[in-house]
Amino acid sequence: MQHVEVPVSKPKKKELLLKLEAASINPVDWKMQKGMLRPLLPCRLPYIPVTDVAGVVVEVGSGVNGFKVGDEVVAMRNPFSGGGLAEYAVASVKLAVRRPPGVSAADGTGLPIAAGTALQSLRSIGARFDSTSGSKPLNVLVTAASGGVGHYAVQLAKLAGLHVMATCGARNAELVRGLGADEVLDYRTPEGAAMRSPSGRRYDGVVHCTVGVGWPAFEPLLSASGKVVDITASFSAVLTAARHRVTFARKWLVPLLLWPNRVDMEFLVGLVKDGKLKTVVDSRSSLRDVSEAWEKSIGGHATEKIIVEMEGLSGR
Ligand code: NAP
């Protein structure tokens, strides 16, 4: 990865040109660089990585309604074109939402992939976020609760009224408890590796955010119709999921791939604005020093979100 100068893009129909304030790194960004998503991504090189951004609208393309120059927004770039680690980026209005006062660029840019995935995983195990209906009081397990996805999953699960058991490293246990987890286990201990709820609860759902733990480990921990949502599904997990589907298994595993959409982004930004959800920041770096942030994400030990703040590269 290297810094380069390229012309600033012009926004096309239904697009916004943003002067970026912040971007957040997700594991998918460096997985692309390592070739782990070939032959799908990246579809073209050179490639400017990162999709999740926050910035100010400096130009609007034709046919844009609801945005004007000067609006502060959170946006998600299409992973096929990337472009977030830059001073300027174009965003489609389909994946851009206004950022209200009180929601900082760092708060906002953490949301699209990580909080979006947490939200869709929880919905898929039956969590409800409309205050009128209330959720059935489900017991959920969130693995890697100290990570980007996991820390939002814990908070969102509590908002939906669920009982949360979480796994993370010992150094993050207090932080995860502070986000609302009812029970926390250190994944490096035998108890944590077993993931059994200390209060003896069986899980109605699991939001599985790490690798190296397979279906056989979860199966005995689930309630009669418990569901494991695997956001890091391996080939064998996909086969297990297919077997569960064709045999109409009651306990089942479901691989989940984020379906980015504006409605969810608006919902999540609204929760941050109302003080119901927060982005916990692992570290902030400048675009100039982005390689440190990049390496940190590759290391797999980030505590919540890694944020890059744009200040331009002049004087480099
Ligand atoms: P992340 O922020 O890099 O996760 C790092 C955290 O995971 C660290 O705090 C680490 O704790 C913890 N951790 C690592 N191994 C663990 C284990 N065995 N048990 C408990 N905690 C563990 O990653 P992320 O952004 O949350 O993403 C998680 C995974 O989901 C990635 O593989 C990502 O590619 C994938 N993902 C998939 C989708 C999708 O659409 N399917 C969307 C988003 C993310 P320590 O530092 O203590 O080790």
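A: Axes are lines fitted to C-alpha atoms, for helices over the stretch in contact, and angles between N-to-C directions run from 0 to 180 degrees. Helices (H or I, at least four residues) and strands (E, at least two) are DSSP runs, numbered from the N terminus. This is a predicted model: local features need pLDDT of at least 70, side-chain atom pairs count only at pLDDT 80 or more, and totals for chains, interfaces and linings use all residues. Residues are numbered from 1 along each chain as its sequence is written.

Q: At what angle do the axes of α3 and helix α9 cross?
A: Two packed helices are described by the angle between their axes and the distance between the axes. Here α9 spans residues 262-273, and its axis comes within 10 Å of that of α3, crossing at roughly 95°. The two helices are therefore roughly perpendicular (65 to 115 degrees; under 35 is roughly parallel, over 145 roughly antiparallel, the rest oblique).

Q: Which residues of α3 and α9 make the contact?
A: Contact requires C-beta atoms, placed from the backbone, within 7 Å. α3 brings L111, P112, A115, G116 and L119, while α9 brings D264, M265, L268 and V269. By class, this set has seven nonpolar, one polar and one charged residues. Nonpolar means Ala, Val, Leu, Ile, Met, Phe, Trp, Tyr, Cys and Pro; charged means Asp, Glu, Lys and Arg; the others, Gly among them, are polar.

Q: What is the strand order of the open sheet of six strands?
A: Strands of a sheet pair through backbone hydrogen bonds, either parallel or antiparallel. In this sheet the pairing is parallel and the order is β8-β7-β6-β9-β10-β11. A pair needs at least two DSSP bridges. β8 (183-186) and β11 (252-255) are the edge strands, each pairing on one side only. From one strand to the next, the twist averages 15°.

Q: How many bridges join strand β6 to β7?
A: Four, with β6 (residues 139-142) and β7 running parallel. L141 has M165 of β7 as its bridge partner.

Q: Which strands does α3 lie across, and which does α4?
A: α3 lies across β9 (203-208), β10 (222-230) and β11, at about 155° to β9. α4 lies across β6, β7 and β9, at about 165° to β6.

Q: What does the domain assignment of the chain give?
A: Bounds come from an automatic or database domain assignment. Domain 1 is 15-110 + 279-309, and domain 2 is 114-255. Their centres, taken over C-alpha atoms, are separated by 27 Å. Seven residues of domain 1 and eight residues of domain 2 form the contact. The domain 1 side has two nonpolar, three polar and two charged residues.

Q: Why does the ligand lie between domain 1 and domain 2?
A: Both domains give residues to the shell around the ligand, so the ligand lies between them. A residue is near a molecule if its C-beta atom, placed from the backbone, lies within 6 Å. The shell has 30 residues, and G147, G148, G169, Y187 and H301 are the closest. Elements giving two or more residues to the shell are α1 (27-33), α3 (111-124), α4 (148-159) and β7 (163-168). By class, the shell has 14 nonpolar, 16 polar and no charged residues.

Q: Where are P39 and P46?
A: P39 is in the loop between α1 and β2 (52-60). P46 is also in the loop between α1 and β2. The peptide bond from R38 to P39 is cis, with omega near 5°. Another cis peptide bond joins L45 and P46, with omega about -5°.

Definitions and conventions: Contact = placed C-beta atoms within 7 Å.
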